[in-house]
Every structure is written in C-alpha cells, then in structure tokens.
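Visitor: Could you take me through this structure, beginning with how its chains meet and ending with how its helices pack?

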Amino acid sequence: MNETYDLRFGESHIEVHKFHAGTILLSLLIAVVLQSFLPVYISKAGILDLPLLITIYFGLSRRNPSTGLLLGTVIGLLQDSLSKTPLGLFGISKTIIGYLASSIGARLDTEHPAARFALTAAFFVLHQGIVILIQKLLLAQPQPWFTMRLLIACLVNATLGVFLYYFLDRLRKT
Amino acid sequence: MVGLPSRHRSLFLLIGVVLLQVLLLAVQIKRDSQGRLIRVWTVSAVSPVQRSGSWGVGKIRDAWRHYFALSDTARQNEQLIRENGALKLEIMQLEGKSAEADRLAALLNFKQKQAKVPMVVARVIGSSADPNSNVIYLDQGQRDGIRKNMGVITPEGVVGKVIESYRDTSQVLVLTDRDSGVGAMIANSRIQSPVGGTGEPLLNMKYVGNDDEVAVGSRVVTSGMDRIFPKDLPVGVITQVKPGGQYKQIRVKPSANLEKLEEVIVLLTTDPVVMKQEPAPQADNSSVPPGSASPKTAPQSTSAATNAKPMDKRP
C-alpha cells in the first residue's frame with residue numbers, strides 16, 4: 001500500500017498523509033488523558049481543548065471524511081465519558097468537526113501555519129457554537145453565545161494548534 | 001450504503017452517526033441515565049494513568065524541590081526569618097484584640113464539632129475533560145465509603161459535592177461550576193440564599209432582595225439547608241454588591257482555593273449533619289455561630305435551598 005497518495009481536484013494535487021501504526025490511537029488517548037490531567041497542576045490549562053486539536057489535525061491530514069467523522073465521534077464520546085456532560089454532547093460536535101476538517105483538507109492545502117491557525121480558530125468557534133446549540137436545544141441549558149474566555153480560548157488553542165501540528169507532522173510516514 | 005454514490009457515503013455516515021448520538025442524548029434525558037457503563041469503562045481505563053501521572057508529577061516535583069532547587073534556599077531562609085519576625089509581631093497585635101480571640105475561639109469550637117463528622121482525606125488526581133465544566137476526580141471511591149451527594153471540603157471552606165462514585169475513584173462537581181450550588185447565608189446578617197457557580201472564579205449569591213443590607217467583605221457560610229454540608233462552614237467572602245432588577249447582584253470569592261486543589265476532605269455521610277448549637281460570642285458580629293440569632297431568610301431562598309437539588313441543577 002502506498003504510504004502517501006494524491007487527491008486530484010482540477011489541476012491541484014493534495015497529498016494524503018499516512019501515519020505510523022498506532023499514532024492516531026496513541027495521540028487520541030494522550031490528548032484525552034492530558035485534557036483531564038493538566039488542569040490539576042496548571043489551572044489555566046483548562047482553557048485548552050486538546051481532543052479538538054487532535055480531531056482537526058488528523059481530519060486535515062487524512063482527508064477522508066468517513067475516517068475523520070468516526071475519529072471525531074470516538075474522541076468526543078471519550079471526552080463526554082470523562083466529563084459530567086451527557087454522552088453525545090462532545091460526540092456530536094466533534095463528529096461534525098472531524099467531517100468538516102476532512103472535507104476541507106481534501107480541497108485545500110492546509111500545510112501553511114497561517115492556514116492552520118485560521119482553520120483551527122474557525123473550527124474552535126464552530127465547535128463551541130455546536131456545543132452551545134445542543135445545550136440550548138436538546139438539553140435546555142441556557143449558555144451565553146459569546147464570552148471573553150471563549151475568544152481567549154480560541155486564540156490560545158489556534159496558536160497551540162500550529163505548534164502541535166508541527167510536532168505531529170514529524171510522526172508522518174515519509 | 002452499497003447503493004449510494006461514493007461521494008455521498010460519508011455524508012450519509014455523518015447524518016447517521018449524528019442521529020445516533022442525538023438518540024443517545026434523548027435516551028439519557030428521558031431515563032435520567034448518564035450512560036454509566038461507558039463512563040465506568042472510560043474512567044477505569046483512564047484513572048490508572050491519572051494516578052500514575054499524579055504519582056510521577058509528585059516524585060518529579062519532590063526531586064526538583066529537594067535536589068535541584070536548592071540554590072534559592074539560603075535566600076528563602078533569610079526571607080522566612082524576616083517573615084517569621086513580622087508574623088511574631090502580628091501575633092502579638094492579634095493577641096491584644098479580644099474580638100479576634102473570640103472569633104478564633106468560635107472557629108476552634110466549630111472544628112471540634114466537625115471532628116465528629118465521619119470524613120476521609122482524598123487526593124485530586126484529575127479534572128474534567130470538558131473545558132467548560134469544573135469537575136475533579138479523587139483517588140478514593142466506593143471502597144473508601146464515598147457515595148454520590150456527599151459533601152467535599154477543605155479546611156478553608158466548601159469545595160463541592162460528589163456527583164459520581166466509582167470503585168476507586170469519585171467525581172466531584174466543584175462549586176465554581178455553572179451547575180453547582182450550595183445552601184448559604186451571610187454570616188453577620190443571617191440572610192439565607194443559595195450560592196452558585198458561574199463558570200468563573202467568583203461565585204454568585206442569587207436571591208438577596210434589593211432592600212437587604214449587604215456589605216462587601218461579609219463572610220458567607222453554609223446554611224445547612226441543602227442537607228449536604230453542616231451549618232457554618234465557610235463558603236466565601238462577598239467582594240461585590242450591585243443593585244439588580246429584583247435581587248442584588250452579589251459576587252462571592254470562594255474561601256477554598258478551588259483553582260489549586262490537591263487534597264480534599266470528603267464528608268462520609270449523606271444524612272444531614274446536625275451541629276451542636278451554642279451561644280454566640282458577643283465580640284464579633286461577623287462570626288456569629290449557629291443558633292445565636294434568628295435567621296433572616298429571603299423568601300425565595302428558603303424554597304430554593306430546601307426544594308431544589310442544591311449542588312446540581314442539571315435537568
């Protein structure tokens with residue numbers, strides 16, 4: 001099996017990246033564990049959403065919507081299991097983000113740090129929007145649409161995403 | 001899926017997976033179930049890693065403090081000597097104030113009473129994977145006698161309540177969480193009102209009427225109305241009071257340092273803890289013990305504190 005291959009849309013060539021065995025599973029588990037572990041020692045780390053960053057990265061890299069959405073589902077449900085939220089809240093939102101990231105990744109070159117920053121910020125806002133929408137519509141839990149914390153979290157996660165993606169790029173098969 | 005055009009397969013898969021999860025949400029709401037089995041599996045899988053991580057971090061921190069971070073020790077020693085001198089002076093001043101002594105006596109009395117309540121000390125090993133909620137995991141669970149709805153405190157004040165108990169782990173909803181709340185009252189005026197989390201570091205005191213006198217700096221203590229926490233445990237200090245539409249907008253700074261919790265005390269009883277009532281010391285109005293003054297209760301707060309599930313407002 002080829003380790004990388006090209007998707008062709010018109011004249012553009014977009015490379016689909018493969019990873020070493022277990023990389024995705026291990027990254028997923030580390031992200032979920034760190035998400036629930038870091039804030040104990042660094043209270044400000046609660047602002048991070050590492051499972052979301054992992055969903056976005058592998059969605060953009062693998063560029064397969066089915067894989068992306070299923071990865072989002074698994075990460076989201078794991079995150080739900082370790083939270084007080086009903087199962088499905090993060091599951092649904094990360095499923096949609098995984099699908100969209102994979103779909104966009106298949107159409108755009110998302111290797112440039114600026115593009116990654118913008119996409120991560122946009123996906124973060126969208127993810128938060130979906131979570132709040134589900135909380136309002138399905139769970140009858142009123143939540144504010146916008147807070148200063150959300151804006152800061154968006155910028156912090158997008159910045160961290162650029163560095164994290166750079167590190168995860170090293171784990172690709174060459 | 002076989003008959004579908006390949007480019008639409010993923011879209012149909014997306015719709016299917018999302019619908020399944022909406023159904024899962026609906027089932028949980030309808031049956032008031034929280035998918036306990038899946039949670040037990042996940043927590044069982046993750047908590048050993050958290051436990052090991054906590055142990056590892058503790059070891060690394062100890063090693064750093066005891067072997068590598070000694071370069072500042074001499075400077076810290078000098079600083080501690082200076083601080084010690086200043087503290088001795090402060091203690092002498094404090095000893096001259098009978099009101100302060102009364103307050104300390106009341107606190108000591110309260111601690112002695114609290115010692116009768118069965119409790120266990122637990123270590124914080126993790127927090128919520130949801131950035132928007134304030135939930136922590138403890139390293140003790142059902143095997144140590146911890147059950148759902150037990151109160152969690154530190155010597156400084158109220159922390160929250162147990163919302164889920166597993167075999168070796170338990171999940172605690174911290175007071176600052178949006179869904180959290182505790183039956184409380186202002187220590188000097190005895191005005192009762194629930195105090196709840198806002199998702200921010202400060203808490204919110206909800207149902208104090210605009211006509212009631214509330215001063216910044218007043219202490220807020222548990223009222224005991226929620227039947228989880230004993231009366232007169234410190235909740236926080238009022239830091240801001242603003243007139244609101246029907247009720248005052250009161251912000252309360254938690255007494256316990258909820259952002260840096262490492263060890264907590266779990267009150268091992270879900271029965272209401274009844275404290276022995278004693279007469280109040282006369283010197284300090286701000287620390288009037290239970291039973292010394294007739295409680296002035298905001299009408300809405302009484303019903304809110306007694307009828308609602310005080311620490312959990314989830315539907």
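Guide: Let us begin with the contact between chains. Residues are numbered from 1 along each chain as its sequence is written, while chains are lettered from A and ligands numbered from 1 in the order in which they are written. This is a predicted model, in which local features need pLDDT of at least 70 and side-chain atom pairs count only at pLDDT 80 or more, whereas totals for chains, interfaces and linings use all residues.

Visitor: How many residues does the contact take from chain B and from chain A?

Guide: Two residues are in contact if their C-beta atoms, placed from the backbone, lie within 7 Å. On that basis the contact takes 36 residues from chain A and, from chain B, 37 residues.

Visitor: Which element gives the largest share of the side of chain B that touches chain A?

Guide: Elements here are DSSP runs numbered from the N terminus, helices being H or I of at least four residues and strands E of at least two. Those giving two or more residues to this side of chain B are α2 (36-68), β1 (119-127) and α1 (6-31) of chain B. The largest share, 12 residues, comes from α1(B).

Visitor: Which residues touch the most other members of the largest nonpolar core?

Guide: A nonpolar core is a set of buried Ala, Val, Leu, Ile, Met, Phe, Trp, Tyr and Cys residues joined through C-beta atoms within 7 Å. A residue is buried if 20 or more other C-beta atoms lie within 10 Å of its own, exposed if 12 or fewer, and partly exposed in between, with C-beta atoms placed from the backbone. Of the 94 residues in the largest such core, those touching the most other members are B:Val158, B:Val159, B:Val172, B:Val220, B:Val235 and B:Val264.

Visitor: Which helix gives the most to this core?

Guide: The contributor in question lies in chain A, which has six helices and two strands, running β-β-α-α-α-α-α-α from the N terminus on. With nine residues, the helix that gives the most is α4 (residues 89-105) of chain A.

Visitor: Are α2(A) and α4(A) roughly parallel or roughly antiparallel to each other?

Guide: The axes, lines fitted to C-alpha atoms over the stretch in contact, with angles from 0 to 180 degrees between N-to-C directions, come within 7 Å and cross at roughly 30° for α2 (residues 50-62) of chain A and α4(A). Angles under 35 degrees count as roughly parallel, over 145 as roughly antiparallel, 65 to 115 as roughly perpendicular and the rest as oblique. The two helices α2(A) and α4(A) are therefore roughly parallel.
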